[in-house]
Amino acid sequence: MNEQFDLQMMEKCLMLAIKGKGQVSPNPLVGSVVTYQGEIIGEGYHQTFGESHAEVKAIHAVKNKDLLKESTVYVNLEPCAHFGKTPPCADLLIRHNVKKVVIGCVDSFSEVSGRGIEKLKKAGIQVQVGVLEEKCLELNKRFFLFHKEKRPYIILKWAQSEDRFLAPSAMPKGSPFWLSGEKSKTLVHRWRTEEDAIMVGTNTAVMDNPALTARMWKGRNPVRIVLDRYLRIPREATLFDGSVLTFVFTEKEFPSSENLHFIKIPFGEAMIPSLLSFLYDKGIQSLIIEGGKVLLESFIDAQLWDEARVFTCPKHLGSGVLAPSFSYETHFEQSVGDDVLTIHKRTEKKNKL
């Protein structure tokens, strides 16, 4: 088959894989396509954590299994070679004696990392690696970073006025101050369904009484993470309603209850490393951090963030709480209703001012 066809089939794998976003974590997003003589005869994607992987779905979709001996299987990530929730996908491909496997990128997870490819080659199956590799790596950046750096992929998110203020100087407690428009709010709720956890600090919890759920978009709610060093947040706060798994990090002792866990950690310089270590142990691969300023800047100063998603809204405050600042290039920018969304990536750092 020609190179253009390989690219088209890998694009198809990526399109399938992304359908599992928000459903498969801590597993990666994977799609697979089976072709015979230039025609797709089976396809599938990993839909839900703990259920069949993409290759299993794709093979199962092939009606005439005899064709598999002369078929090519495309998959955006190296087939697994270990027993987890399901048997190894590499073994399945070997059992069906497929002719060739085309892989987008190698799986850096230590229990796979080249072993699936090695198994396939030893079984006499042709293997091609690196088709649309950069796109395949980008799709599962959360998964790869989690296993490499042993922490979640961290997304900073805030809304600012056109003159770069987060909020007025004085606000009443218990009612959120909104800068962004409805379309931006809906987008944020969609993001919540796609990430594992979301975090706020004490001041945001006290002032805004947020729910941190995905009420405006269909999907799962993220795990809620709350910093409350001195247990200042009222017990009747929405974050403590038990409706969503919530971890409250504090330096005080306090009893936990169902879906609401108080975790004692050291604060100061040890706070962020302790927090991220806990989230890693819990298998939380991605984290959205929503203002305020002190919490956001603590992660910026520690160089522990991967994306910053900033809404600039057509409002002029004149004074108030200044938004965080840093010298990173814009990776992406688009209009969302009347707001402008700018995405920065830490890997695209400019020289410090």
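In what order do the five strands of the open sheet run? The order is E2-E1-E3-E4-E5, and the pairing is mixed. Keep in mind that this is a predicted model.

**The five-stranded sheet**
- The edges of the sheet are strand E2 (39–45) and strand E5 (126–129), each of which pairs on one side only.
- On average, neighbouring strands here are turned by 15° against each other, direction ignored.
- Strand E1 (residues 31–36) and strand E3 (residues 72–77) run antiparallel and are joined by four bridges.
- If you want to find that pairing on screen, go to valine 34, whose bridge partner in E3 is valine 73.
- Helix H4 (residues 115–122) lies across strand E4 (100–105) and E5, and the angle it makes with E5 is about 150°.

**Lysine 157**
- Lysine 157 sits in strand E6 (residues 153–161).
- Is this lysine 157 buried or exposed? Its relative accessible area is 13%, so lysine 157 counts as buried, the cut-off being under 20%.
- Setting aside neighbours within four places in sequence, lysine 157 has contacts that include Val188, Trp191, Glu290, Arg309 and Phe311.

**The largest pocket**
- Its volume comes to about 1200 Å³.
- The lining has 42 residues, and those closest to the centre are Asn203, Thr204, Gly291, Gly292 and Lys293.
- Two or more lining residues come from each of E6, strand E7 (165–167), helix H7 (182–194), helix H8 (202–208) and helix H10 (293–301).
- Which element gives the largest share of this lining? That's H8, with five residues.
- By residue class, the lining of the largest pocket splits into 23 nonpolar, 10 polar and nine charged.

**The second largest pocket**
- This one holds about 560 Å³ of space.
- Ile18, Lys21, Glu138, Lys141 and Arg142 are the closest to its centre, out of 23 lining residues.
- Elements that each supply at least two residues of this lining include helix H1 (3–17), helix H5 (133–139), helix H6 (141–149) and strand E13 (307–313).
- H7 turns up here too, giving the most to the lining of the second largest pocket with four residues.

**The cavity, and a cis bond**
- There is one cavity of 30 Å³ or more, and the largest cavity contains about 170 Å³ of space.
- Its lining is made of 17 residues, with Ser25, Asn27, Leu29, Arg142 and Gln285 nearest the centre.
- That lining divides into five nonpolar, seven polar and five charged residues.
- Serine 25, from that central group, is joined to proline 26 by a cis peptide bond, with omega about 15°.
- Proline 26 itself belongs to the loop between H1 and E1.

- Asparagine 209 isn't a glycine, yet its phi is positive, near 45°.
- You'll find asparagine 209 in the loop between H8 and strand E9 (223–227), and a relative accessible area of 29% makes it partly exposed.
- Leucine 231 also has a positive phi, about 55°, without being a glycine.
- Leucine 231 lies in the loop between E9 and strand E10 (246–250), and with a relative accessible area of 21% this leucine 231 is partly exposed.

Technical notes
Residues numbered from 1 in each chain as written. Predicted model: local features only at pLDDT ≥ 70, side-chain atom pairs only at ≥ 80, totals over all residues. Heavy atoms only, no water. Pairing = 2+ DSSP bridges. Axes fitted to C-alpha atoms, helices over the stretch in contact; angles between N-to-C directions. Contact = heavy atoms within 4.5 Å. Buried < 20%, exposed > 50% of the residue type's maximum accessible area, 1.4 Å probe, protein only. 1 Å grid on protein atoms, 1.4 Å probe; cavity = no way out; pocket = protein on both sides within 12 Å on 5 of 7 lines; lining within 4 Å. Points joined across faces, edges and corners; volume = space filled by probe spheres on them. Nonpolar A, V, L, I, M, F, W, Y, C, P; charged D, E, K, R; others polar.
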